[in-house]
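This report covers strand pairing first.

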Amino acid sequence: MNAFTRKLATVGSALALAGSSLLLASSPASAATSCYSTGCYGLDPATSICQNDARTVLTSETGVELRYSPTCRAAWARKQNAVAGHYYQVENERREMQSIQPGGSGGTVWTRMVDDKDIMAYACDRRSDYTMASWTLWW
């Protein structure tokens, strides 16, 4: 390989490396999703902007929280110290529902979101035999 070919290969490699680093720098690794009302259905609140202004509006006697984001107009259920064998669920009056069943006990779990714009929603704790342990209601 002559000197000119080596210089050309070196310059080409440097340009390729610089270009790829610009592409990587321009795409954030964990951008928060923006959504509103029906557009939030099925999204994880932890990866959205909805978690930024979320508040617990009600808590059941078993500790299931009904969470709500005024910005997103969406709701979800959250349970700290989750119990294995229980299902935690959020549902709105249109029968849109999301649920989660923890794999073990003790951790915090939450459902994906449902629309809560101008409609009622509730969160509940169901045992594995589908009996209701507790519920909360929000409108």
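## Strand β4 and its partners

Strand β4 joins strand β8 (residues 121-127) through seven bridges, and the two run antiparallel. Two strands count as paired if DSSP finds at least two bridges between them. Strands (E, at least two residues) and helices (H or I, at least four) are DSSP runs, numbered from the N terminus. Within this pairing, Y88 sits opposite D125 of β8.

β4 also pairs with strand β5 (residues 97-100), again antiparallel, over four bridges. Here Q89 has S99 of β5 as its bridge partner. Four residues lie between the strands of the β4 and β5 hairpin, where R95 adopts a positive phi near 70°.

## Basis of the model

The model is predicted: local features need pLDDT of at least 70, side-chain atom pairs count only at pLDDT 80 or more, and totals for chains, interfaces and linings use all residues. Residues are numbered from 1 along each chain as its sequence is written, and side-chain values use heavy atoms, with hydrogens and water left out.

## Burial of β4

How many of the seven residues of strand β4 are buried? Six are, so β4 (residues 86-92) is largely enclosed by the rest of the structure. Buried means under 20% relative accessible area, exposed over 50%, and partly exposed in between (1.4 Å probe, protein chains only). In a regular strand the side chains alternate between the two faces of the sheet.

## Two disulfides

A search of the whole structure returns two disulfides. The criterion is a pair of cysteine sulfur atoms within 2.5 Å. Counting bonded cysteines along the chain, the pattern is 1-2, 3-4.

C35 bonds to C40, with S to S at 2.1 Å. The torsion about their S-S bond is about 100°, so this disulfide is right-handed. Both C35 and C40 are buried.

## The C50 and C72 link

C50 bonds to C72, with S to S at 2.2 Å. The torsion about this S-S bond is -100°, and the link is left-handed. C50 lies in the loop between α1 (3-25) and β1 (55-59), and C72 in the loop between β2 (64-69) and β3 (74-79), so the pair ties together parts that are 22 residues apart in sequence.

Are these cysteines buried or exposed? C50 is buried, at a relative accessible area of 0%. C72 is buried too, at 0%.

## C124

C124 has 0% relative accessibility, so C124 counts as buried.
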